[in-house]
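Keep the picture at hand as you read.

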Amino acid sequence: VHGLGAIASLLQEVAAGAARGKARARLDNLLGLVRRRGACAHPDGAARLIASAVEVFAKDFGEHARHGVCEACRRPGELPLPSSAGRGRTTTAVAS
């Protein structure tokens, strides 16, 4: 409920322009709930990575959270990524 899945869902909402109000505060709260909670370092590492990325790209994060998808997100992606739809297929990552 308050773990990495919730963080991923919130980030997807922000990327899609569907985040509702105070996305950064909600993300910071979720990151705080995840830290030091796992038996391994995976949750801590994921939380640090996300916190760092959001700090470095704070302006972009805020713009997405407030205004939705940006012009860069409408362009074709540059990196092929495995598709969740099935093996052997690829999707293209969005370049921002």
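Is proline 43 buried or exposed? Keep in mind that the model is predicted. Proline 43 has a relative accessible area of 15%, and buried means under 20%, so proline 43 is buried. You can find proline 43 in helix H3, which covers residues 42-56. Now look for glycine 3: 40 residues separate it from proline 43 in sequence, yet the two C-alpha atoms are 8.2 Å apart in space.

Next, turn to helix H4 (residues 58-67) and its packing with helix H2 (residues 23-34). Their axes lie 9 Å apart, at an angle of about 115 degrees. On the H2 side, the meeting residues are Ala23, Arg24 and Leu27, and on the H4 side they are Ala58, Phe61 and Ala65. This contact is made of five nonpolar residues, one charged and no polar.

| Residues of H4 | State |
|---|---|
| Phe61, Gly62, His64, Ala65 | buried (under 20% relative accessible area) |
| Lys59, Arg66, His67 | exposed (over 50% relative accessible area) |

Why do the buried residues of H4 line one face of the helix? Viewed down the axis of H4, they fall within an arc of 165 degrees, so they share one face. An α-helix has 3.6 residues a turn, so residues three or four places apart point the same way. The buried residues of H4 pack against helix H1 (4-16), H2, H3 and helix H5 (71-74), while Lys59, Arg66 and His67 are exposed on the other side.

Finally, glycine 68 follows H4, and its phi is positive, near 90 degrees.

How values were computed:
Residues numbered from 1 in each chain as written. Predicted model: local features only at pLDDT ≥ 70, side-chain atom pairs only at ≥ 80, totals over all residues. Heavy atoms only, no water. Helix = DSSP H or I, 4+ residues; strand = E, 2+ residues; numbered from the N terminus. Buried < 20%, exposed > 50% of the residue type's maximum accessible area, 1.4 Å probe, protein only. Axes fitted to C-alpha atoms, helices over the stretch in contact; angles between N-to-C directions. Contact = heavy atoms within 4.5 Å. Nonpolar A, V, L, I, M, F, W, Y, C, P; charged D, E, K, R; others polar. Arc of directions from axis to C-beta.
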